[in-house]
Amino acid sequence: MALKINKNYKKIKKNYIFTEINQKKSNYLKNNKNAKIIDLGVGDVTRPLNKNLVEVMKKALDEQTHTKTFKGYPPEKGYEFLKNQIVKYYKKRNVILKNEDVFISNGACCDVTNILDLFENNIAVIANPTYPAYYDSNFLQGNKILLKNLNKKNNFIFSPKNLKKQSYIIYLCSPNNPTGAVLNKERLKQWVDFANETSSLIIFDCAYESFISDESLPHFIYEIEGAKTCAVEIASFSKMAGFTNLRCGWTVVPTQLNINGNNLNEMWTRRQCTKFNGVPYVVQKGAYFSLTKKGQIKCQKNIDYYKKNLKILTTCLTKLGIECFNSMHSPYVWFKCPHGMSSWQFFDLLLEKCQIVGIPGIGFGTAGEGYFRFSAFAKRKDVLVACERLKGIKKD
Ligand code: PLP
């Protein structure tokens with residue numbers, strides 16, 4: 001008998017959006033060899049790691065050369081020194097966690113998708129547009145997907161108001177990629193109440209929490225009463241500390257989180273022990289440093305740099321008469337394509353006329369059509385040149 005293949009891989013869009021864009025970019029470069037493209041597309045950090053953090057990691061690596069301090073496999077759930085520091089990080093926002101609630105991961109992307117291992121045949125509620133991994137992983141697993149359209153009218157935020165009262169896996173991302181929208185406490189409370197009432201699970205992706213500037217806005221879902229019984233939180237060192245290459249994040253699965261009598265913390269522990277062999281000691285040492293007082297000051301410097309880029313880009317687009325949304329608490333500016341252009345029309349125009357790459361809103365879902373995303377993870381000089389070049393689109 002032939003092997004049975006997951007047919008959903010055949011049904012899913014062939015390319016991940018970022019792969020498609022990279023292909024377009026390299027095709028353009030083949031025909032325009034001297035073009036100096038400015039990439040404001042893929043949201044990857046550009047600032048180097050700070051030297052102190054690297055020193056800490058070098059020291060940790062050096063420990064591996066001594067019998068006494070050599071380390072083998074890391075603990076599947078992470079080293080206590082890092083979990084302690086994460087617990088302290090939450091305490092600053094009055095959230096009390098236990099070390100057992102925290103799982104160190106090799107990044108948020110893996111965990112927002114891997115968490116589906118604990119479930120089968122469910123309905124996932126996902127925003128449209130969305131960070132593609134939520135949609136794709138649910139699609140590949142064969143889950144039903146209920147898309148909730150975001151638009152200018154709802155401020156790119158959706159609520160549980162019109163949802164049928166049944167159990168769902170609900171994906172919330174705040175600050176949001178790609179729209180930059182942030183859920184305030186009232187909005188989040190509505191979701192927490194709905195999830196507790198319907199035995200739903202919220203998967204709260206806070207990969208960009210360190211970009212929040214307004215201290216009254218929640219960084220973590222556990223700032224909301226009742227969240228520990230209905231939500232898993234997924235966080236990352238990628239954008240906060242520049243770990244997109246090093247790979248480290250954390251996932252909070254509170255010990256009191258039970259879904260229909262099943263303890264998710266126990267299940268996730270079982271899953272991680274079977275399928276995950278932990279994050280390198282050296283990387284966890286670096287992650288630890290980034291959460292210390294000194295480390296946070298260093299990280300904040302880079303975040304401020306990116307946020308200044310964002311401000312420059314947003315001001316430039318606004319001056320060109322382009323409508324921008326929510327560009328305050330994330331590294332992204334989400335905007336309406338000018339002159340009623342479609343997302344891909346604007347992508348092509350930008351590439352041809354300005355040699356700038358961004359992400360077409362439709363790449364994040366059908367409701368993103370007519371919108372566009374720029375990333376502020378770029379060198380300042382590139383952002384300034386991009387702003388000059390963008391003036392070129394006005395003439396059309
Ligand atoms: N979640 C969101 C919303 C993201 O935008 C990203 C990366 O861009 C991730 C998760 C992935 O983060 P990591 O690098 O930790 O895998």
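Start by selecting α8 (238-241) and α11 (293-319): each supplies at least two residues of the lining of the second largest cavity. Helices here (H or I, at least four residues) and strands (E, at least two) are DSSP runs, numbered from the N terminus. A cavity is a set of points, on a 1 Å grid over the protein atoms alone, where a 1.4 Å probe fits but cannot get out, and lining residues have an atom within 4 Å of a point.

Before you click further: this is a predicted model, where local features need pLDDT of at least 70 and side-chain atom pairs count only at pLDDT 80 or more, while totals for chains, interfaces and linings use all residues. Residues are numbered from 1 along each chain as its sequence is written, and side-chain values use heavy atoms, with hydrogens and water left out.

The space has a volume of about 50 Å³ (volume being the space filled by probe spheres set on the points, with grid points joined across faces, edges and corners).

Next, colour by domain, using bounds from an automatic or database domain assignment: domain 1 is 8-49 + 296-391 and domain 2 is 52-294.

Move on to the largest cavity, with about 150 Å³ of space. Of its 18 lining residues, Ala-127, Phe-158, Leu-172, Cys-173 and Asn-176 lie nearest the centre. Select β3 (123-128) and β5 (169-173), which each supply at least two lining residues; β5 gives the most, with three.

Last stop: α3 (residues 51-63) and α10 (residues 281-291). These helices pack at about 150°, axes 8 Å apart; axes are lines fitted to C-alpha atoms over the stretch in contact, and angles run from 0 to 180 degrees between N-to-C directions. Which residues in α3 meet α10? Pick out Asn-52, Leu-53, Val-56, Met-57, Ala-60, Leu-61 and Glu-63 in α3, which meet Tyr-281, Val-282, Val-283, Lys-285, Gly-286, Phe-289 and Ser-290 in α10.

Terms used: Contact = heavy atoms within 4.5 Å. 1 Å grid on protein atoms, 1.4 Å probe; cavity = no way out; pocket = protein on both sides within 12 Å on 5 of 7 lines; lining within 4 Å.
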